[in-house]
Amino acid sequence: MRYSFAPMEGITGFVFRNVHAQCFPGTDRYFTPFLTVNQNRSFKTKEKKDISPDNNRNVRLIPQVIANKPGDFVWAVRYMEDLGYSEVNLNLGCPSPTVLRQHRGAAMLERPDDLDAFFDESFSLLGSDPVRISVKMRAGYSSFQEMEELVSIFNRYPFSEIILHPRTAKEAYSGKADRAVYKNAAAAIHHPMTYNGDIQSGADLEDVLAKVPQTDSVMIGRGLLVNPALVRELQGGQKLEKAELKSYHDELLASYCEEFHQDRTVLFRMKELWSYMGRKINAGEQDERLKRNIKKADRIEEYRLAVEKLFEAGELCQD
């Protein structure tokens, strides 16, 4: 089984990726949060830093691009190729209202004819370019019924991989990922497939394999934010321990402090991570109060103290 860490905007940047890979080795691939091609055909400085090979020496990184114009997408592919990347992932899955209004991400699934034309021109411009093109997508814009037409389009082009999250764009992250939809798509799509959606335990992976036994690649996002040792556990390794969760947290905090220098910037990132990681530790009757103190902290030292108290009082939640 191949395990990939899903891109999570604002969280899974290069600092996070390097610390996670160091503390919990075993994840095969990391995908960047989507990179936006601006009107001048460039990337923001922080995006350039995030994809710099010098900042990603210890991980296998796949850059993900969001674009709705063939020329912009092809420019981005060649930019990545110049940096030494052999694969570029196209984002057709982001359900953010801001992205959808720009007709990017999952919104491109809403107009199959336009999507087909986008692919046709993009691959024509790429010609024999050796960079592999993969796609991360939703299972339709507003209905799963759209998948039949979408499958016929995807099958006409030489994608290296289709990563399918079986929710529609309209569902965003509500409800449950429909694994029966993935099963049907996997039977119809001619390209290598990766399953993405709601894998948070061994039981979840077993359910995917029960529906599609040939699945040999999965992408995990929120599950790995909650439990950074999840890949190890899925591989039959030891369960996460409280001491290593604390060590991981401390290493990440130190790395953010070294990179950003400002308490506000560091705390923004750490608190966002706590919205997931906090589910893995419980302090009983004190839990709500202790976690509220973490959220309220506005200085690094105040934050550190609040985290120490939670770890002292709390116990790790095991599946």
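**Entry 1**

I started at Q102, which sits in the loop between α4 and α5. The model is predicted, and I read it as such. Is Q102 buried, exposed or partly exposed? Q102 is partly exposed, at 44% relative accessibility. I then took a C-alpha to C-alpha distance from Q102 to A67. The two are 35 residues apart in sequence and 9.8 Å apart in space.

H103 belongs to the loop between α4 (97-101) and α5 (112-126). I looked up its backbone and found that H103 has a positive phi, about 55°, without being a glycine. H103 counts as buried, because its relative accessibility is 17% and the cut-off for buried is under 20%.

**Entry 2: A172**

I turned to A172 next. Its phi is also positive, about 55°, and A172 is not a glycine. I place A172 in the loop between β8 (161-165) and α7 (179-188). A172 has a relative accessible area of 25%, so I note it as partly exposed.

**Entry 3: cysteines**

How many disulfides are there? I get zero. A disulfide is a covalent bond between the sulfur atoms of two cysteines. The rule I applied asks for two cysteine sulfur atoms within 2.5 Å. For C23, the closest cysteine sulfur is that of C257, 15 Å away, which is too far for a bond. I ran the search from C257 as well, and its closest cysteine sulfur is in C23, again at 15 Å and too far.

I also looked up how accessible these cysteines are. C23 is partly exposed at 24% relative accessibility. C257 is partly exposed too, with a relative accessible area of 22%.

**Entry 4: helix α1**

I checked burial along α1, residues 14-23. Eight of its ten residues are buried, so α1 is largely enclosed by the rest of the structure. I list the buried ones as F14, V15, F16, R17, N18, V19, H20 and A21.

**Entry 5: α7 against α8**

I fitted axes to α7 and α8 (residues 202-211); they come within 9 Å and cross at roughly 40°. That makes α7 oblique to α8. I noted the crossing as right-handed. Which residues meet here? From α7 I have R179, A180, Y182 and K183; from α8, D204, D207, V208 and K211. I sorted the contact of α7 with α8 by class and got three nonpolar, no polar and five charged residues.

Leaving out residues up to four places away in sequence, D204 touches R179, D198 and I199. I also took the C-alpha separation of D204 and V226, which is 15 Å for 22 residues along the chain.

**Entry 6: α11 against α12**

Helix α11 covers residues 242-260 and helix α12 covers residues 263-277. I get a packing angle of about 155° and axes 9 Å apart. α11 is therefore roughly antiparallel to α12, as angles over 145 degrees count that way. The crossing of α11 and α12 is right-handed.

I listed the contact from both sides. α11 brings L245, Y248, H249, L252, L253, Y256, C257 and F260. α12 brings T265, V266, R269, M270, L273, W274 and M277. By class, the contact of α11 with α12 has twelve nonpolar residues, two polar and one charged. C257, from my cysteine entry, is one of the α11 residues in this contact.

**Entry 7: α13 against α14**

My last pair was helix α13 (residues 287-296) with helix α14 (residues 300-313). Their axes are 8 Å apart and the packing angle is about 160°. How do α13 and α14 run relative to each other, roughly parallel or roughly antiparallel? They are roughly antiparallel. I noted that α13 passes α14 in a left-handed crossing.

On the α13 side I find D287, L290, K291, N293, I294 and K296. These meet E302, Y303, A306, V307, K309, L310 and A313 of α14. I count seven nonpolar, one polar and five charged residues in the contact of α13 with α14.

Notes: Residues are numbered from 1 along each chain as its sequence is written. This is a predicted model: local features need pLDDT of at least 70, side-chain atom pairs count only at pLDDT 80 or more; totals for chains, interfaces and linings use all residues. Side-chain values use heavy atoms; hydrogens and water are left out. Buried means under 20% relative accessible area, exposed over 50%, partly exposed in between (1.4 Å probe, protein chains only). Helices (H or I, at least four residues) and strands (E, at least two) are DSSP runs, numbered from the N terminus. Axes are lines fitted to C-alpha atoms, for helices over the stretch in contact, and angles run from 0 to 180 degrees between N-to-C directions. Angles under 35 degrees count as roughly parallel, over 145 as roughly antiparallel, 65 to 115 as roughly perpendicular and the rest as oblique. A crossing is left-handed if the near helix is turned anticlockwise from the far one by less than a right angle, and right-handed if clockwise. Contact means heavy atoms within 4.5 Å. Ala, Val, Leu, Ile, Met, Phe, Trp, Tyr, Cys and Pro count as nonpolar, Asp, Glu, Lys and Arg as charged, and the others, Gly among them, as polar.
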